[in-house]
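Okay, thanks everyone, I'll keep this short.

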Amino acid sequence: MNNIYSSLKILNTNDLVVLSCVRDKENNTGLCSARGTTKAVLVEKSELSLSTINRSVKKLVECGLLENGVKQVNRTTYFITSKGLEILKEAMASSGASKRY
């Protein structure tokens with residue numbers, strides 16, 4: 001549990017937005033390597049710039065919250081890890097949001 005709090009401290013708001021956008025319940029993507037989410041989709045869903053997405057994805061992968069999924073043609077995909085889901089749930093709980101992941 002202490003590891004979760006240390007991870008939350010190094011993440012900024014944009015990182016949490018990107019992390020939440022990786023998981024797409026409607027399209028059933030973002031939870032396994034075979035059904036990952038591309039950066040283009042993240043830009044569209046989060047309304048953040050590609051450079052911001054690139055920085056956040058790099059940080060989230062380094063922290064072990066995202067992993068590379070199966071490539072879609074020549075695009076890398078990303079999926080949220082179990083640690084990432086825990087961080088996201090904790091962040092949502094501390095912000096008072098009620099969205100379920």
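Predicted model: local features only at pLDDT ≥ 70, side-chain atom pairs only at ≥ 80, totals over all residues.

Now zoom out a bit. Strand 2 and strand 3, residues 77-80, run antiparallel, and three bridges join them. What order do the three strands of the open sheet come in? The order is 1-3-2, with antiparallel pairing. At the edges you've got strand 1, which is 37-38, and strand 2, which is 66-68, and each of those pairs on one side only.

Next, what lies across strand 2 and strand 3? That's helix 4, residues 50-62, and it runs at about 95 degrees to strand 2.

Okay, over to the helix pair. Helix 2, residues 13-22, packs with helix 5, residues 82-95, and the axes are 10 Å apart at an angle of about 120 degrees. With that angle, helix 2 is oblique to helix 5. The crossing of these two helices is left-handed.

So which residues make that contact? From helix 2 you have Leu16, Leu19 and Ser20, and helix 5 brings Gly84, Ile87, Leu88 and Ala91. If you sort the residues in the contact of helix 2 with helix 5, you get five nonpolar, two polar and no charged.

That's my tour, over to you for questions.

Key. Residues numbered from 1 in each chain as written. Heavy atoms only, no water. Axes fitted to C-alpha atoms, helices over the stretch in contact; angles between N-to-C directions. Helix = DSSP H or I, 4+ residues; strand = E, 2+ residues; numbered from the N terminus. Parallel < 35°, antiparallel > 145°, perpendicular 65-115°, else oblique. Left-handed = near helix turned anticlockwise from the far one by under 90°. Contact = heavy atoms within 4.5 Å. Nonpolar A, V, L, I, M, F, W, Y, C, P; charged D, E, K, R; others polar. Pairing = 2+ DSSP bridges.
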